[in-house]
Amino acid sequence: FVHNLLNKSLNVADIVMPLDPGRKRYPFVNSRGPLLCSCVMAFHNSEMIRSFFMSAAERLVHGLHPKVRQGDQEAIWFEWTSAVHSQLRMLVLPEETYCPMTLIDSQGMAQWGTVGYRYPCQSVHGHNSWTSLQQSSYYKKLLARHAKK
C-alpha cells in the first residue's frame, strides 16, 4: 500500500510526506504549512531535491532554530516554508497514512500513535484489515503454497 502510494505520488510531486500528528505546537500551528513526518517519505533524486535536503541538514547542524526540537522534521519544515526552493512540489499525505491496520477498540474507536502519544484515527478506511486478511481463505492458501516451497 505505502510503496504504491508513494511511487504514484511522485508523478505529481517532488517530495511526498505525511502530516505529523503532533504538529499542533508552536510554531507549526496556523503557519505557512503543516509539520510533516519523515517516517514515511518519497522523493525524486534530482539536484533540486538534494539541495533542499542539504539545506535542511545545514539548518539542523548549525542549530538555526533553537526554540524547537532539533530534529529532521523541523529542519525540513523550516527549509520547505522558507520558500527558497520555489519550484519544489510537496505533496502532504493525510494522517490516515499511518494506520491502515489499527485495531478498533471496545468503544468502536481506532487509535494509533508514536512514542509517547496516542491519537484517535480520523480515517474513513476499514480497520482490523490484517485480522480479516489472516482469516481469509486466500491468505490461508497462500501460506500453504509458501510452506510447500
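Tutor: In what follows, helices (H or I, at least four residues) and strands (E, at least two) are DSSP runs, numbered from the N terminus. The model is predicted, so local features need pLDDT of at least 70 and side-chain atom pairs count only at pLDDT 80 or more, while totals for chains, interfaces and linings use all residues. Residues are numbered from 1 along each chain as its sequence is written, and side-chain values use heavy atoms, with hydrogens and water left out.

Student: In what order do the elements of the protein chain run from the N terminus on?

Tutor: The protein chain contains five helices and five strands. Read from the N terminus on, the elements run α-β-β-α-α-β-β-β-α-α.

Student: Which residue in E3 does Val16 stand opposite?

Tutor: Strand E1 (residues 15-18) pairs with E3 over four bridges, in the parallel sense. The residue in E3 that stands opposite Val16 is Leu91.

Student: Which residues does Leu10 touch, not counting residues up to four places away in sequence?

Tutor: Leu10 is found in the loop between helix H1 (2-9) and E1. With a relative accessible area of 14%, Leu10 is buried (under 20%; exposed is over 50% and partly exposed in between, with a 1.4 Å probe and protein chains only). The C-alpha atoms of Leu10 and Leu91 are separated by 8.6 Å, although these residues are 81 residues apart along the chain. With residues up to four places away in sequence left out, Leu10 touches Val16, Ala42, Phe43 and His44.

Student: What distance separates the C-alpha atoms of Leu19 and Pro94?

Tutor: Leu19 lies in the loop between E1 and E2. Leu19 counts as buried, at 15% relative accessibility. Leu19 and Pro94 are 75 residues apart along the chain, yet their C-alpha atoms are separated by 5.9 Å.

Student: Why is H3 described as largely enclosed by the rest of the structure?

Tutor: The buried residues of H3 are Gln73, Glu74, Ala75, Ile76, Trp77, Phe78, Glu79 and Thr81. What covers them includes E1 and H2. H3 is largely enclosed because, of its 10 residues, the number buried is eight.

Student: Which residue follows H3 and has a positive phi?

Tutor: The phi of this residue is near 65°. The residue that follows H3 is Ala83.

Student: With which residues is His85 in contact, leaving aside its neighbours within four places in sequence?

Tutor: His85 has its place in the loop between H3 and E3. His85 is buried, its relative accessible area being 14%. Once neighbours within four places in sequence are set aside, the contacts of His85 are Met48, Ser51, Phe52, Ser55 and Glu79.

Student: How are the rings of Phe52 and Phe53 arranged as a pair?

Tutor: Rings of Phe, Tyr and Trp (its six-membered ring) pair if their centres lie within 6.5 Å; planes under 30 degrees apart count as stacked, over 60 as edge-to-face and the rest as tilted. The structure holds five aromatic pairs. Phe52 and Phe53 are both buried. Their ring centres are 5.3 Å apart and the planes stand at 70°, so the pair is edge-to-face.

Student: Which residues form one aromatic cluster with Phe28?

Tutor: The ring centres of Trp77 and Phe78 are 4.8 Å apart and the planes stand at 80°, so this pair is edge-to-face. Trp77 and Phe78 are both buried. The residues that form one aromatic cluster with Phe28 are Trp77 and Phe78.

Student: Among contacts in the protein chain between residues at least 6 apart in sequence, what percentage join residues at least 24 apart?

Tutor: Of the 149 residues of the protein chain, 36% count as buried. For contacts between residues at least 6 apart in sequence, the share that joins residues at least 24 apart is 62%.

Technical notes: Two strands pair if DSSP finds at least two bridges between them. Contact means heavy atoms within 4.5 Å.
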